[in-house]
Amino acid sequence: QVQLVESGGGLVQPGGSLRLSCIASGSISRFGAMGWHRQAPGKQREWVATVSSDVQLYADSVKGRFTISRDNAKNTVYLQMNSLKPEDTAVYFCNYISRYTYWGQGTQVTVSL
């Protein structure tokens, strides 16, 4: 079993930055992928970024602004978000993919004046 706990969300002005963290516990393998999705009010959950074996992939909407990284020693994945826009407002979920996909409970990010 795997548990994921996100943190770091909050309220930020447009153009600002936030760093999200997700700590994983349980049966974690460094070969499993970890990533972030987000869900805005009234919209479907969408993929944001994934890191696997030192390869980082990004959705076009965040490319150049967000950076995903992973510390295998700490079983933690990070999402550094810069140049935030109001349309980045959403609940951000981390996930871990091995044989199954596990999800955290999410952390709210609000970008507003």
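1. A salt bridge is taken here as a side-chain nitrogen of Lys or Arg within 4 Å of a carboxyl oxygen of Asp or Glu. In this predicted model, Arg-38, Glu-46, Arg-65 and Asp-88 are linked in a network of such bridges. The structure holds four salt bridges.

2. With Glu-46 the N to O distance is 2.6 Å, and with Asp-88 the distance is 2.9 Å. Asp-88 lies in the loop between β8 and β9 while Arg-38 is in strand β4, so this second pair ties together parts that are 50 residues apart in sequence.

3. Asp-88 also forms a salt bridge with Arg-65, where the closest N and O atoms are 2.7 Å apart. Arg-65 sits in the loop between β6 (55–58) and β7, and the pair links parts of the chain 23 residues apart.

4. Glu-46 has a relative accessible area of 35%, so Glu-46 counts as partly exposed.

5. The structure holds one disulfide. Cys-22 and Cys-94 form this bond, with their sulfur atoms 1.9 Å apart. Cys-22 belongs to strand β3 and Cys-94 to strand β9, so that the bond links distant parts of the chain, 72 residues apart. Both cysteines are buried.

6. The largest nonpolar core has 30 residues, and Leu-4, Trp-36, Leu-79, Met-81 and Tyr-92 touch the most other members. At least two core residues come from each of β1 (2–7), β3 (18–26), β4 (33–39), β5 (46–52), β7 (66–71), β8 (76–81), β9 (90–97) and β11 (107–111). As a general matter, nonpolar side chains in soluble globular proteins tend to be buried together.

7. Leu-79 gives a view of the packing. Setting aside neighbours within four places in sequence, Leu-79 is in contact with Leu-18, Arg-19, Leu-20, Trp-36, Val-48, Ala-49, Phe-66, Thr-67, Ile-68 and Tyr-92. Trp-36 and Tyr-92, both in that list, are also among the core residues that touch the most other members.

8. Trp-47, Val-55 and Leu-57 make a nonpolar surface patch of about 270 Å². Trp-47 lies in strand β5 and counts as partly exposed because its relative accessibility is 33%.

Key:
Residues numbered from 1 in each chain as written. Predicted model: local features only at pLDDT ≥ 70, side-chain atom pairs only at ≥ 80, totals over all residues. Heavy atoms only, no water. Core = buried A, V, L, I, M, F, W, Y, C linked by side-chain atoms within 4.5 Å. Buried < 20%, exposed > 50% of the residue type's maximum accessible area, 1.4 Å probe, protein only. Helix = DSSP H or I, 4+ residues; strand = E, 2+ residues; numbered from the N terminus. Contact = heavy atoms within 4.5 Å. Patch = residues over 30% accessible without salt bridge, like charges linked within 9 Å, V, L, I, M, F, W, Y side chains within 5 Å. Areas by Shrake-Rupley, 256 points an atom, 1.4 Å probe, with all protein chains shown as cover. Disulfide = S-S within 2.5 Å.
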